[in-house]
Amino acid sequence: MTVMGKRVLPGLLSGFVVCVSIGAGLLTTSSAGAQAQTPAPDASDIADGMRLYQQKGDCQACHGWAGDGRKMDSQMPDSPNLRETRLDRTRLITTIKCGRPGTGMPAFDKFAYTDGRCYGMKQADLKSPMSDPPATLQPREVELLVGFLLQKVVGKGPMDRAKCIEYWGSEVEACREFK
């Protein structure tokens, strides 16, 4: 093909090849991004996360068994309602690992303030000492705990009878308080 006496077909073909290559790269990037998303946790992972919430982390002492901020321990101050939190997966992980300096939320990462990994701070940078957690959590345990919270608590709104039964997996005494 010629335009004004010049052959343009090679230029058109090379432009076409460039466009196809860019398009293929975008498709590859999109599908890689989709694959990078965290898969939905399975039932055993949710159960493990729930056990960590209730037992090892004892999160229910402050956040309540339902994560609604209604504490279990009368000595502890009321805590944030996790059912209404706007924290995403990344921020939940950071909050659990690093705690919240200046509040009652402890750091569940054993080395949280030893090397600046949490908010770029070390122990000496904290204005007041962090409360001790009931136990420290390994990275996999934090992931399980966050998986549980995202599946059963975060964004689920106020607890009602149906949500209570779904939360526990069956009718339990705690659900009787909801009509």
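The disulfide count here is 2, where a disulfide is a pair of cysteine sulfur atoms within 2.5 Å. For the record, a disulfide is a covalent bond between the sulfur atoms of two cysteines. Before the details, the model is predicted, so to speak of local features we need pLDDT of at least 70 and for side-chain atom pairs pLDDT 80 or more, while totals for chains, interfaces and linings use all residues. Residues are numbered from 1 along each chain as its sequence is written, and side-chain values use heavy atoms, with hydrogens and water left out.

Take cysteine 98 and cysteine 118. Their disulfide has an S to S distance of 2.1 Å. The link is left-handed, with -75 degrees about the S-S bond. Cysteine 98 sits in helix α4, residues 89–98, and cysteine 118 in the loop between α4 and α5 (139–152), so the bond ties together parts that are 20 residues apart in sequence. Helices here are DSSP runs of H or I with at least four residues, strands are runs of E with at least two, and both are numbered from the N terminus. Cysteine 98 and cysteine 118 are both buried, which means under 20% relative accessible area; exposed is over 50%, and partly exposed is in between, with a 1.4 Å probe and protein chains only.

Next, cysteine 164 and cysteine 175. These form a disulfide with their sulfur atoms 2.1 Å apart. The pair links distant parts of the chain, with cysteine 164 in helix α6 (residues 161–168) and cysteine 175 in the segment after α6, 11 residues apart. The torsion about this S-S bond is about -85 degrees, so the disulfide of cysteine 164 and cysteine 175 is left-handed. Cysteine 164 counts as buried because its relative accessibility is 0%. Cysteine 175 is also buried, at 0%.

If you number the bonded cysteines in sequence order, the pairing reads 1-2, 3-4.

Which cysteine sulfur is nearest to that of cysteine 59, which is in no disulfide? The answer is the sulfur of cysteine 62, 8.5 Å away. Seen from cysteine 62, the closest cysteine sulfur is in cysteine 59, and 8.5 Å is too far for a bond. Cysteine 59 is buried, with a relative accessible area of 13%. Cysteine 62 counts as buried because its relative accessibility is 17%.

Now the backbone. Aspartate 58 is a residue other than glycine with a positive phi, near 50 degrees. It lies in the loop between α2 (43–56) and α3 (60–63). Its relative accessible area is 31%, so aspartate 58 is partly exposed. Tyrosine 119 has a positive phi too, about 55 degrees, and is not a glycine. Tyrosine 119 is in the loop between α4 and α5. At 41% relative accessibility, tyrosine 119 is partly exposed.

Last, the whole chain. There are 6 helices and 2 strands, and from the N terminus the order is β-β-α-α-α-α-α-α. The protein has 179 residues, of which 32% count as buried. Among contacts with a separation of 6 or more, 48% come from residues 24 or more positions apart, where contact means heavy atoms within 4.5 Å. The accessible surface is about 11,400 Å², and 58% of that belongs to carbon and sulfur atoms. Accessible areas were computed by the Shrake-Rupley method with a 1.4 Å probe, and for residues only the protein chains shown count as cover.
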